[in-house]
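Please read it alongside the sequence and the coordinates.

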Amino acid sequence: MGEQKPTPGGADDKPQETRADGPPADAGKTTPAAPARTDAGKNDRAGKSRDAGKNGRAGKGNEAGRNGRAGRSRDAGKNGKVGAGDRAVAAADATGDADGDEADHATAANGRSKTNSDRDEGKPASTTDDESKPAGDRDKSKADGTDGDRDESTADGTDGGRDKSTAEGTDDEQPADPWTAFGPAPEPVLGRARRAVRAVGRFLAHEWTLAAVAALAVAAAMTWPTLRYPRYTLPQDYWDPSLQAWQMAWSGHILRTDPAMLWHSNTFFPENWSFAFSDTLLGYAPAGLIGVGPEHAVLRYNIMFVLAHALAAFGAYALARQLGAGRIGGAVAGASFAYAPWLLAQAGHLHIISNGGIPLALAMLARGHGWSLRYGYRPRRRHAGWALAGWLVATWQLSLGFGIGLPFVYLLAGVGLVAVVVWFVRRRSVKRPFGRRLLLADLAGGLVFAAVGVLLAIPFFTVAEAHPNAARSLAEVQLYSPPASGFFTAPAESRVWGELHEGARAVLPWSPEMTLLPGFALYALAAGGLFFSVWRVRHRLFLLAGVLVTMALAMGTRFFDGRFTYVPLFDYLPGWNGLRTPGRTMLWTTLLLGLLAAGAVTAFCARVRELAAERVPPWPGPWLRLATLLPLLLVLVEGLNVTPHPVVPQQPAVMRTVDGPMLVLPSSPNLDQPVMLWSTDRFQPMVNGGSGFTPDSQARTRDATVSFPDYASIDYLRRIGVKTVVVLPEQLGGTPWEGMLDRPVDGLGVTREQVDGSVVYRL
């Protein structure tokens, strides 16, 4: 219907529609000078459709009540001002409109019933939306120049947006709308303290917070009794753990005092670069800044030992979740990676246990690149910050040592090469397939990773050049290469399989590095994951291929003499000839088996949820869901340990007072490792030291001092700069130095004194 021209009274409404039940009650009283008070006129302002008027609720005998609550129709919500009595109602309805569910709020505010006009017309509470129309479709401005969205001035000159006063009084005296109580309450404005509490609550209830707390709790339980006497005992033995406790203490001490001397430690005097004689655990240096002395060093080691297990479980969980596994599937992957039975034999090697940065870095890199195994590449989920964080975590993992860090380096190099090829192929078909920010993050993170790797490698290459006996040979690799039976043999530290596999271990040449069982439950779950899984078939085959390849590498020269697997890597990859224990490649086998198992468990959990939802009555549902925890329980049970925790030999009091350079006798690779730990009070320069190889200078010193004290041995020690010799009488039995305390020192120019059970020779 065409638009009417403005009347002299200023009304520019479109012609009124005729109601289905008859004409408006006051339609016959309309005059050109003043528009009649029809229903539409009472219920809405000029220029709006009758729908807004129909949507209103009848008030209490005044136009403010008939005008309807703002927000019941979006048209009505746009109509300028409302009466004073309706402002609270309009505010309440605006809150409801913000939720985007207008019909529900209108029903609640109207006492869950329609108004009379709604029933008559049979229309919904909102039928139009002026704001969505083009500007030309909106009501035109009035002839007097006022806003077309506002009501015309009434005959008495008052604002058309405000309802006329009733006979009883003005707007301020109107009674409150009784239906306001049924409207939604306005959202309270929270103070800073309440906002902080709410944010903390959301953080504590987040999946990753719960996963981290669970990983810590399980680590404390699965490594028990490590934390029972953390100042006095060490897991498995007190040889290599003492060395690694000293390493953390040295890195913290030297960074606090003289960082330039980091690689020239107080041990293996007078050798330089002695800190690079074995993996350094340099990434734990911040922990080494806290505390001084052997007790603090042992406490620090035990804490990091537990935290390393927790990080391994958390990292594998994060990787499985990022790839698309469910929560329980991710938990199975995390538990199997951190508590595989074969790792119990490595309890004395913290640099092997500290592997959690590998899956965590891979999870962050995958998340940063918007990629998952289950859902593929999703560009909208790319995040440069996560990619950069992944590179930094990978850098930290590398700083813990090259024993497991070197294969990780080559893996990332291979992945980076594939990414470059993909970028080169897709650069024309897809503009910036990786995104500019993501590409910059990868470049920056990759450069940091490479730079740190090179800086860490320089001391080790220097040591290899200065000490040819530090290099590994294929004969040594063959000595540590396990047979295929090692994949089904558990170490003695396994509570479940240790005694049962005693005969199988007896036939292994070096059982501590050849018992490689990742868990029979893990084998079964991974095998099931080949046939029943959330992963695609091709991904299952890729994971299976990775399992087989890493197993072949773990066998070293036992797999067709290693001609097609380990030997080419040993000959051609820089640094690979420094790895003498191929069995530690089992770390990657365990991770891949865990991912296969996670796919199977995730599919199993999904099926259980479907069955529980279909059962009538539903009471078996919780029991069925509880069954999904059975795979996790089986994996954890196989990881239970009987690892011994011997008491660390007490530090001799003389070690807290004597100066260096010094030599402690008797000396051997194993005996020297606790001596290194005892030096963490003062870090005196000392000939003693234990590592993966024995420097020629140290071997000569041991040979020269077998006859100590005599002229030749004393002259040799003076020439290399040793000023003090400390003898531990209780350790002399059965060593080449057993009778040395019975030899006289007259005429040798040395003094001998006894200090708290130790004998000190001052040269």
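How many cavities of 30 Å³ or more does a search of the whole structure find? The search finds six, where a cavity is a set of points, on a 1 Å grid over the protein atoms alone, at which a 1.4 Å probe fits but from which it cannot get out. This is a predicted model, in which local features need pLDDT of at least 70 and side-chain atom pairs count only at pLDDT 80 or more, while totals for chains, interfaces and linings use all residues. Residues are numbered from 1 along each chain as its sequence is written, and side-chain values use heavy atoms, with hydrogens and water left out.

The largest cavity has a volume of about 130 Å³, a volume being the space filled by probe spheres set on the points, which are joined across faces, edges and corners. Its lining comprises 17 residues, and T223, F305, H309, L344 and N641 are those that lie nearest the centre of the cavity; lining residues have an atom within 4 Å of a point. By class, the lining holds ten nonpolar, seven polar and no charged residues, with Ala, Val, Leu, Ile, Met, Phe, Trp, Tyr, Cys and Pro counted as nonpolar, Asp, Glu, Lys and Arg as charged, and the others, Gly among them, as polar.

Two packed helices are described by the angle between their axes and the distance between the axes. Here helices (H or I, at least four residues) and strands (E, at least two) are DSSP runs numbered from the N terminus, and axes are lines fitted to C-alpha atoms, for helices over the stretch in contact, with angles running from 0 to 180 degrees between N-to-C directions.

| Helix pair | Axis distance | Angle |
|---|---|---|
| α14 (357-368) and α16 (402-426) | within 11 Å | roughly 20° |
| α15 (384-399) and α16 | 9 Å | about 145° |
| α16 and α17 (436-466) | within 12 Å | roughly 140° |

With this angle, α16 is oblique to α17, whereas α14 and α16 are roughly parallel to each other; angles under 35 degrees count as roughly parallel, over 145 as roughly antiparallel, 65 to 115 as roughly perpendicular and the rest as oblique.

In the pair of α14 and α16, the contact (heavy atoms within 4.5 Å) is made by I358, A361, L362 and L365 of α14 together with I404, F408, L411 and L412 of α16. This contact has eight nonpolar residues and no polar or charged ones.

Between α16 and α17, F402, V409 and L412 of α16 meet F449, G453, L456, A457 and F460 of α17, giving seven nonpolar, one polar and no charged residues.

**Backbone features in loops**

The peptide bond from W224 to P225 is cis, with omega near 15°, and P225 lies in the loop between α8 (207-222) and α9 (240-257). Another cis peptide bond joins G660 and P661, with omega about -5°; P661 is found in the loop between α25 (630-638) and β3 (662-665). W273 is not a glycine, yet has a positive phi of about 60°, and its place is in the loop between α9 and α10 (285-288).

Terms used:
On a 1 Å grid over the protein atoms alone, a cavity is a set of points where a 1.4 Å probe fits but cannot get out, and a pocket is an open set with protein on both sides within 12 Å along at least five of seven lines; lining residues have an atom within 4 Å of a point.
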